[in-house]
Amino acid sequence: QVQLVESGGGLVQAGGSLRLSCAASGRSFKPVTMGWFRQAPGKEREFVGSISWSGGSTSYADSVKGRFTVSRDNAKSTMYLQMNSLKPEDTAVYYCAARLISFGSYPYWGQGTQVTVSS
């Protein structure tokens, strides 16, 4: 069974930075893609960014391009989300997710970590 655990959330002032981590565990866990999503109060969950586990290619939502960076450490089975120049509208619960194929939905999710950006 795959388990994803996020950490690193917290309260930060606008313009500040945070780094989220997503530690993956599970027997023979070999994701193809891992991603970050977020959900703000009263809004639907939205895509933030993703990374190809083997090649490291990344993809981002327009709202975070140039400010957020997704990376991974294969040896530690950990994905990161470096968030810079944070804005109040980035406030949300951030989730990591994984899939074992290169397309479609993500079947594996973490429990989420809260990020709050004050103005």
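Which residues form a nonpolar patch on the surface? In this predicted model, the patch consists of Leu 100, Ile 101 and Phe 103, which together have about 300 Å² of accessible area. Ile 101 is found in the loop between β9 and β10 (108-109). Its relative accessibility is 44%, so Ile 101 counts as partly exposed, given that this class lies between the limits of 20% and 50%.

The largest nonpolar core has 29 residues. Among those with the most contacts inside this core are Leu 4, Trp 36 and Tyr 94, together with the methionines Met 34, Met 79 and Met 83. Seven strands are listed as giving two or more residues to the core: β3 (18-25), β4 (33-39), β5 (46-52), β7 (68-73), β8 (78-83), β9 (92-99) and β11 (113-118).

When its neighbours within four places in sequence are left aside, Leu 4 is in contact with residues including Phe 29, Met 34, Tyr 108 and Trp 109. Cys 22 and Cys 96 also belong to the contacts of Leu 4.

These two cysteines form a disulfide, with their sulfur atoms 2.1 Å apart. The pair joins distant parts of the chain, since Cys 22 lies in strand β3 and Cys 96 in strand β9, 74 residues apart. The link of Cys 22 and Cys 96 is right-handed, with 60° about the S-S bond. Cys 22 counts as buried because its relative accessibility is 0%, and Cys 96 counts as buried because its relative accessibility is 0%. The count for the model comes to one disulfide.

Notes: Residues numbered from 1 in each chain as written. Predicted model: local features only at pLDDT ≥ 70, side-chain atom pairs only at ≥ 80, totals over all residues. Heavy atoms only, no water. Core = buried A, V, L, I, M, F, W, Y, C linked by side-chain atoms within 4.5 Å. Buried < 20%, exposed > 50% of the residue type's maximum accessible area, 1.4 Å probe, protein only. Helix = DSSP H or I, 4+ residues; strand = E, 2+ residues; numbered from the N terminus. Contact = heavy atoms within 4.5 Å. Disulfide = S-S within 2.5 Å. Patch = residues over 30% accessible without salt bridge, like charges linked within 9 Å, V, L, I, M, F, W, Y side chains within 5 Å. Areas by Shrake-Rupley, 256 points an atom, 1.4 Å probe, with all protein chains shown as cover. Salt bridge = Lys/Arg side-chain N within 4 Å of Asp/Glu carboxyl O.
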